[in-house]
Amino acid sequence: MTNDDIAGLLLAAGGGRRLGGRPKALLTHRGRPLVEHAVRALREGGCGTVCVVLGAGREEVRATADLRGCAVVGNPDWETGMGSSLRAGLAWLAGSGAHAALVTLVDQPGVGAGAVARVLGGAGRDPDGLASALASAAYGGRRGHPVLLGADRWTDVAAVAVGDRGARTYLAAHEAELTLVECGDVARAYDIDTPADLRRLD
């Protein structure tokens, strides 16, 4: 298995409605936009191709953030929720040659390369089984991100990815097949959703 077998899929289209309409991708963390931190986590964690799905303020994000080497996909339906971004990203990846996608969220700066590498390692190293892989990070036993989706599952995931549920419906329906990889010791799975959450950024 090579890095190119697993693509990183970063969902970064959110408009930050509860943050006064500030695109989450452009929130500043350690001097740079959140989207750059998430891209670096995917690359350093072991992903090959990185696909970034943008929506709110996408032209500003492209002009401001360093996304060199990434595939950037625009989601005109981003206001309908995360599901539309997941569908857009998986549709682009269908032609990429990747055997699996590792999905992560732009508003979780506490989830870094360590969690990405942990989930990839926990999914096994058999390239023949990668296309059917289904794994996710867990925090204290509770499912979270990143989530690894084998390519054979993408069509079915996309079919139920509506609103803000993303892959949640699919994962719940296939819980018996899901490998949970504990990451609570290497990552913190908080979201940046409200003004109070901004204190987590530095």
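Biologist: How much space lies in the second largest pocket?

Modeller: Rolling a probe the size of a water molecule over the atoms shows where empty space is left. A pocket is an open set of points on a 1 Å grid over the protein atoms alone, where a 1.4 Å probe fits, with protein on both sides within 12 Å along at least five of seven lines. A volume is the space filled by probe spheres set on the points, which are joined across faces, edges and corners. Here the second largest pocket holds about 290 Å³. This is a predicted model, in which local features need pLDDT of at least 70, side-chain atom pairs count only at pLDDT 80 or more, and totals for chains, interfaces and linings use all residues. Residues are numbered from 1 along each chain as its sequence is written, and side-chain values use heavy atoms, with hydrogens and water left out.

Biologist: Which residues lie nearest the centre of the second largest pocket?

Modeller: Lining residues have an atom within 4 Å of a point. Of 22 such residues here, H29, R30, P109, G110 and G112 lie nearest the centre. Helix α1 (34-45) provides the largest share, six residues; helices (H or I, at least four residues) and strands (E, at least two) are DSSP runs, numbered from the N terminus.

Biologist: What is the volume of the largest pocket?

Modeller: The largest pocket holds about 1,100 Å³. Its lining has 37 residues, with K24, M82, L105, D107 and D164 closest to the centre. Strand β8 (142-150) gives the most, six residues.
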